[in-house]
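Hi,

Here is the structure I promised to pass on.

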Amino acid sequence: MTKQTSSNRINSTWLVLLLIVLLCAASAAIGDYYAEKSKTLTVAFYTGSSWDAPSGKPYQMIDYAIKKFHRKYPDVKIQYETGITKKDYINWLSGKIVSGQTPDVILVPDENFATMASEGVLASLDRFIDSDKLDTGNFYQPLLSSDRYLGAQYALPYEANPQLMIYNQSLLEKYGLPSKLSKPTVDEFEAISTQLSKVKGKKLYGTTSDFNWYNAAAAYQDEPFNISDRRINLTSSRFSKAIKLMQQLYANAGNMNVTSDLFDEGKVAFEPIYLAQYRTYTSYPYHVTRSYNFQVDCCQMPSLKGSSTSIESSSWGIANSSANKRMAWQFIQMLCSDQELQQKLMASSTGSSVLKSVVQSRATAKVLHQYGSDSQSLNNWQLDNLLKSGKLAPRFKEYTEVVNLLNSRLNTALQNGDVDTELYDIQTDVNNLLK
């Protein structure tokens, strides 16, 4: 009788302990649930367009996204500061980071991605992508890949801005030059420029000065930056061909700075522009200030083969210091991968969606068709091809500083006519900067 009573007491004690453990676990789970539901997310972004295009409703997209997010997570508060311009954004964000007030969610301009990722500002997204089984195949791969650093995904692409070429179809037809261009070769591009420069009694030009040494290198499928070795190569055979092309274009223009105003006046065949410029350039009311008395069409950038399209982008990332990473992930996942939201971005912004399904949609075809009133419009299949085959600039911390140095030194050398003798010295100076 005593043994049975003792045994019952032991069983009762274990049962009580088990119930306490279960209650604690349930309490913790409920606490975590309500803590998750009641979190406040802070968001860092700048007003208006990432591409310096006019924007009459700078908070339209973020407010729409927050409203949609609240429908799923009604107890989550999302806060952001207004009035921050893109010009001031990085200084403002740096101040927040230094003061220990880094926002949970960060809009990342492409020129700042490498710095943020390398200095530990951004958190890796790999575990969230894996746990939620996000289908990354829905994104254009050049954009997704550019948000990787040392093998990890640190941001998701949000908006893209590919480069294309517009050309004066009327001018080309007038002088018997090819006027139906889709993928002009380098030879066609150079030949048109040379022939226009020889028209007697007229000052005509092949391209505006916006066509630069990097475009020329891309046309010959050359990438001068070697990120893994942290070096630049300006003495390769392909880069030599790119420089010869630039020398010919400079000679055809009489070493003159050929501005976009000259294109507007009908005196230039080609002008490289980005999608945001194209959508601003050809849309009301901005096009009414242009001297549009000729037919304009668009094509890919000239290339030896394949594509030489450059793409700018903006992305969303999560602060490494955030205590709300899971909820922050839900927010950026919606911003970047929600088809309805990305379709609205396609209509309200001047850039492009980053989702294949949105760019290929009928709704996007209608959006782009509106730019065909004064010109042959860019269609969504052309845009799809640009985003599939284009490239983003290499991402490393010193990129902006290096490109500014190259622009200054190469442009000066081209203008002075001594670029061939200067190339090695320019290469040495840049590589010293990268050491």
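Let me start with a loop: Lys-133 sits between α5 (126–132) and α6 (141–146). Helices here are DSSP runs of H or I with at least four residues, strands are runs of E with at least two, and both are numbered from the N terminus. Lys-133 has a phi near 50 degrees, a positive value in a residue that is not glycine. Its relative accessibility is 69%, so Lys-133 counts as exposed. For the cut-offs, buried is under 20% relative accessible area, exposed is over 50%, and partly exposed is in between (1.4 Å probe, protein chains only).

Before I go on, some housekeeping: this is a predicted model, where local features need pLDDT of at least 70, side-chain atom pairs count only at pLDDT 80 or more, and totals for chains, interfaces and linings use all residues. Residues are numbered from 1 along each chain as its sequence is written, and side-chain values use heavy atoms, with hydrogens and water left out.

Leu-150 also has a positive phi near 50 degrees without being a glycine. You'll find Leu-150 in the loop between β4 (148–149) and β5 (152–153), and it is exposed at 76% relative accessible area.

Next, helix α16 (residues 362–369). Thr-364, Val-367 and Leu-368 are buried there. Looking down the axis of α16, the buried residues fall within an arc of 90 degrees, so they line one face of the helix; the arc is taken from the directions from the helix axis to the C-beta atoms. On the face turned away from that buried side, α16 carries the exposed residues Arg-362, Lys-366 and His-369.

Two contacts across the sequence are worth a look:

- Glu-119 lies in the loop between α4 (113–118) and α5, and counts as exposed at 52% relative accessibility. Glu-119 and Lys-397 are 278 residues apart in sequence and 9.5 Å apart in space, C-alpha to C-alpha.
- Lys-96, in helix α3 (residues 86–98), is buried, with a relative accessible area of 17%.

Cheers
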